[in-house]
Amino acid sequence: MGASRSSGTTDELGPDEDSGGGPPGCSADPGPPADDAGIPGEPPGSELLAALLDGMDAALCAFDAAGTVTHWNREAERVLGWTAREAVGRTGFAGWAVRRADADEVRARLMSAMDAPGRQVHEFALLRKDGGRVLVRTQSAGVRGADGQPAGVYCAFSEVHAQIDLERAIALSEALLEDASWGVVLVDVDLRPTVVNAYAARALGGGHTALLGRPLGELVVQGVEELEAALHHVLAEGPPSAPAELWVTLRTAEGERRRCWRSGFLRLASPLTEEPVPLGVGWLFRDVTAGKLAEQEADRLRFRTSQLHRAARTASECEDPMEAATSLLDFALAGFADHVLVDLVAGERLVRTAATPFDAPGPCLLVSGGAIPARYGPGHPALRSVERTGTVRTSAGAGDAAQAWAAERRWPRDAAHALCAVLRSRGRTLGVLTFLRAANRSAFERPDAAYAETVAARVAGAVDLAQVTAGT
């Protein structure tokens, strides 16, 4: 809002002051308009009040008890085109800022605020100086003199579309920070959360207030470096052109959880400065873990189906059934395991018949010089698989314990996860198939067991054929 352009009145407008003969800050004769710099002899502080009123963002006008315009700031001039010199001293809006047919109604509604408590909100169609009409929303309130009697009215107004835009922006921000179906987190320039909505609080595993001001590293165990790098980039360069998918591991009361968040970022800058001053980053995200895991599982299933198809075609071209079996295993290993061992039943024990190299990656080959006994101790996973006629999954601990665990079971030193699938054909147990993974890979899961059983069934058929052929 801008300052009054009437001399000697700008510093007197207020609910508790009165010049003595009319509404506060008003006189029956507005006198010559004042310049922005003030007029010598004005009451102390009038220049400051004039500057404050002229610097306000809303249009401001004021009327004395008789309805004469006493104040008119620069924003009012911008909205309607009438200058302070042209506006101050006029009686009401009739004939210049409002149509004569509407003047009485507008005057009555505005001046009614003088006797009513609080503020009144109205919408009027006012006239611009160029003849155009503009719909404005006004907030008006009465001004009382030192004796407590009504002394005038002040009125702040703005174009309705601007007010609606502001209300929409406020409503949007409140909805995002309360009821949005995705997470919204506002972080400051130090990358600490300052506002967290309900969705984000649930996703991060804390309450609204408990998360505020805490470093992100206290909430995110793994993936915090990528998240902070994205936030720093937004502060320095601006938001990315497309959402980013971030995998993080959260520390919760139930343990660690791995989640995937599809995230978008907005740089927040103050609208009150000429040069954009960063206030922080708006981070919006949705938990898409279930969808990403489903996509990964579908991709894995397609790849494994393709590998089995290729393996079957290759095995069909092998004259030696055991060569067909090792070819099947070479295709099955891709992306699934690091090592594979084939132990066949020979009487009361298992003998090693084929394996991949222990010390380096390589194809599955038959044991040179013939099968050798597998020195498995009691309770070995391969023996348990044969005894149960089913699949056994097991994993080691971390560090040196993993190496000792693998050596004790006669497996390669880097083995940390094992899956043993029994070889069955024509109702007979022929042996056991052991897949091994290193410590840098995840443990075998149920879908992995189903795939291993499918491979074992095909390998068992080839082994059975080899034994039948050798017997004839």
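**Before you start**

The model is predicted, so local features need pLDDT of at least 70 and side-chain atom pairs count only at pLDDT 80 or more, while totals for chains, interfaces and linings use all residues. Residues are numbered from 1 along each chain as its sequence is written, and side-chain values use heavy atoms, with hydrogens and water left out.

**Whole chain**

Show the protein chain as a cartoon. It has twelve helices and 18 strands. These are DSSP runs numbered from the N terminus: helices are H or I with at least four residues, strands E with at least two. Of the 472 residues, 43% count as buried. Buried means under 20% relative accessible area, exposed over 50%, and partly exposed in between (1.4 Å probe, protein chains only). Contact means heavy atoms within 4.5 Å. Among contacts in the chain with a separation of 6 or more, 54% join residues 24 or more positions apart.

**The largest nonpolar core**

Select Leu329, Leu423, Leu433, Phe435, Val455 and Val459. Of the 36 residues in the largest nonpolar core, these touch the most other members. Such a core is a set of buried Ala, Val, Leu, Ile, Met, Phe, Trp, Tyr and Cys residues joined through side-chain atoms within 4.5 Å. Now color α8 (289–316), α9 (321–333), β12 (339–346), β17, β18 and α12 (446–471); each supplies at least two residues of this core. The most come from α12, with ten. Center on Leu433. Its contacts include Leu329, Val340, Leu419, Leu423 and Val455, leaving aside residues up to four places away in sequence.

**α8 against α12**

Keep these two helices and hide the rest. The axes of α8 and α12 come within 12 Å and cross at roughly 5 degrees. Axes are lines fitted to C-alpha atoms, for helices over the stretch in contact, and angles run from 0 to 180 degrees between N-to-C directions. That angle makes α8 roughly parallel to α12, a label for angles under 35 degrees. Show side chains: Glu297, Arg304, Gln307, Leu308 and Ala312 in α8 meet Pro447, Asp448, Tyr451, Thr454, Val455 and Arg458 in α12.

**Helix α10**

Select residues 381–388. The buried residues of this helix are Pro381, Ala382 and Ser385. They cover an arc of only 105 degrees around the axis, which puts them on the same side of α10. The arc is that of the directions from the helix axis to the C-beta atoms. These buried residues pack against β13 (349–355), β16 (392–395), β17 (415–425) and β18 (428–438). Step just past the helix to Thr389, where phi is positive, about 50 degrees.

Most residues other than glycine have a negative phi. Go to Arg410, in the loop between α11 (400–408) and β17. Its phi is positive, about 65 degrees. Arg410 is partly exposed, at 39% relative accessibility. Next, pick Arg426, in the loop between β17 and β18. Phi here is near 50 degrees, again positive. Arg426 is exposed, with a relative accessible area of 62%.

Select Ser140 in strand β4 (residues 133–144). Ser140 is buried, at 0% relative accessible area. Among the residues it touches are Leu110, Arg119, His122 and Tyr154. Finish at Ala200 in helix α6 (residues 198–204). Ala200 is buried too, at 0% relative accessibility. Beyond four places in sequence, Ala200 touches Gly183, Val184, Val185 and Phe285.

Methods:
Angles under 35 degrees count as roughly parallel, over 145 as roughly antiparallel, 65 to 115 as roughly perpendicular and the rest as oblique.
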